[in-house]
Amino acid sequence: MTQTSFQVRQCVNVKEAVAAHYAWAITEQWDAGKDGNDIKLAFYPTHSAGFLIGIVTEEEDREEGKVTNEKAVSCICGMKYDDGTGFLALYIVGDASQRNKGYGIRVFNQSLEDLSSSRWIGLNAVEEQVSNYQKSGFILRGSITRFNGRKKKEDNNRAITGASAIDIDRSHLFVEKLIDRDHRSSGLYRPTFIKNWINYHESHGWALALMHCQPGAEEKKVVGFGCMRPLASGAYRIGPLYADTLDYAVDLVTQLMGKVPDDAEFTTDSFMATPEINELFQNKLGWSPVATFYQMWRKGADHSNEEDHESHPPPFEAPMTKDGYYSVFSLEVG
Ligand SMILES: CC(C)(COP(=O)(O)OP(=O)(O)OC[C@H]1O[C@@H](n2cnc3c(N)ncnc32)[C@H](O)[C@@H]1OP(=O)(O)O)[C@@H](O)C(=O)NCCC(=O)NCCS
């Protein structure tokens, strides 16, 4: 006789997280960072405790004794930032034949419970899952558009502003500026994640600061930040992208595209807060919008009795600037 049981637990190490979260993201054709590097080098080091897997255990009584077989079937990443905000990602039942057995909702609920002390918990949903997340108390608050494009001949010689891009080294100054810039635009305060993100991009991608000496100024100052990483498919994803003006944004994307061969494909995810985003990616660069994701938020359980959403808006809506905020770090974790 075979007995089957199910339990949810934390991944024991990053290898286990990559074997589930990355492998299944690839099965779902979510074009994740090459070799699982988003997870290995940024998400897991930021909040390893948030990586959960659902395990089915089968115990079979055989003549030679009891045989136990364990199999991971579901996963989720419940990211927690320095400011306590939670963000759910990589919610997957890996093998489609194992869906509709409750293995998904149980990892999801465990992650919600783990993040119950968070004032806010966010996620970016595919359209088919929006109604499920509504059942879990999430409210639709915005959308993310994915733009895809290729480099064109004119992109090679385009330099509008004369600004120069330099690698963001681990210098305190640049990283602190990026942390502040992100905080003002995303509403999230997440220095641990951003430091990991920059380290990741220095070794496995590109992390640039755009510098310019404006008329009348004596010194160059930072006018934009942009990172780019290779993906499993061979394309490159830009994120984040911050720039003081549309022209600086064009120059920064051009500099990033210049790092890789001419036939490369590019992709980026934008929280659709300003008209400049379409202006940059569609009108200036000729990229196409290819998918929409839905940003949803709910309060952690400990905050469910606080005043309504309007008096304490979710981080992405906090009254800060969205100007110059062109792309998010990552669709998965905001
Ligand atoms: C999303 C996914 C993980 C859900 O797992 P599943 O095995 O299909 O769902 P379960 O069997 O655990 O669901 C049990 C019940 O909970 C519901 N449910 C699932 N996830 C839920 C959630 N996050 N919140 C509320 N309800 C949920 C289901 O609709 C179902 O309800 P029903 O019994 O009334 O039909 C799975 O379908 C999947 O891997 N999909 C592909 C990847 C994907 O799209 N992930 C989400 C990206 S945003």
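User: What separates the centres of domain 1 and domain 2?

Analyst: A distance of 30 Å, taken over C-alpha atoms. The model is predicted: local features need pLDDT of at least 70, side-chain atom pairs count only at pLDDT 80 or more, and totals for chains, interfaces and linings use all residues. Residues are numbered from 1 along each chain as its sequence is written.

User: What makes up domain 1 and domain 2?

Analyst: The domain assignment, which is automatic or from a database, gives 2–123 for domain 1 and 147–296 + 312–327 for domain 2. Their contact (C-beta atoms, placed from the backbone, within 7 Å) takes 17 residues from domain 1 and 21 residues from domain 2. On the domain 1 side, helix 2 provides the largest share, 5 residues. Helices are DSSP runs of H or I with at least four residues, strands are E runs with at least two, and both are numbered from the N terminus.

User: Why does Ala 49 count as exposed?

Analyst: A residue is exposed if 12 or fewer other C-beta atoms, placed from the backbone, lie within 10 Å of its own. Ala 49 has 11 C-beta neighbours inside 10 Å, so Ala 49 counts as exposed. Ala 49 sits in the loop between helix 2 (37–46) and strand 2 (51–62).

User: Which residues come nearest to the ligand?

Analyst: Arg 99, Gly 104, Ile 105, Asn 132 and Ser 136, out of 19 residues around the ligand. A residue belongs here if its C-beta atom, placed from the backbone, lies within 6 Å of the molecule. Helix 3 gives the most to this shell, 4 residues.

How values were computed: A residue is buried if 20 or more other C-beta atoms lie within 10 Å of its own, exposed if 12 or fewer, and partly exposed in between; C-beta atoms are placed from the backbone. Two residues are in contact if their C-beta atoms, placed from the backbone, lie within 7 Å.
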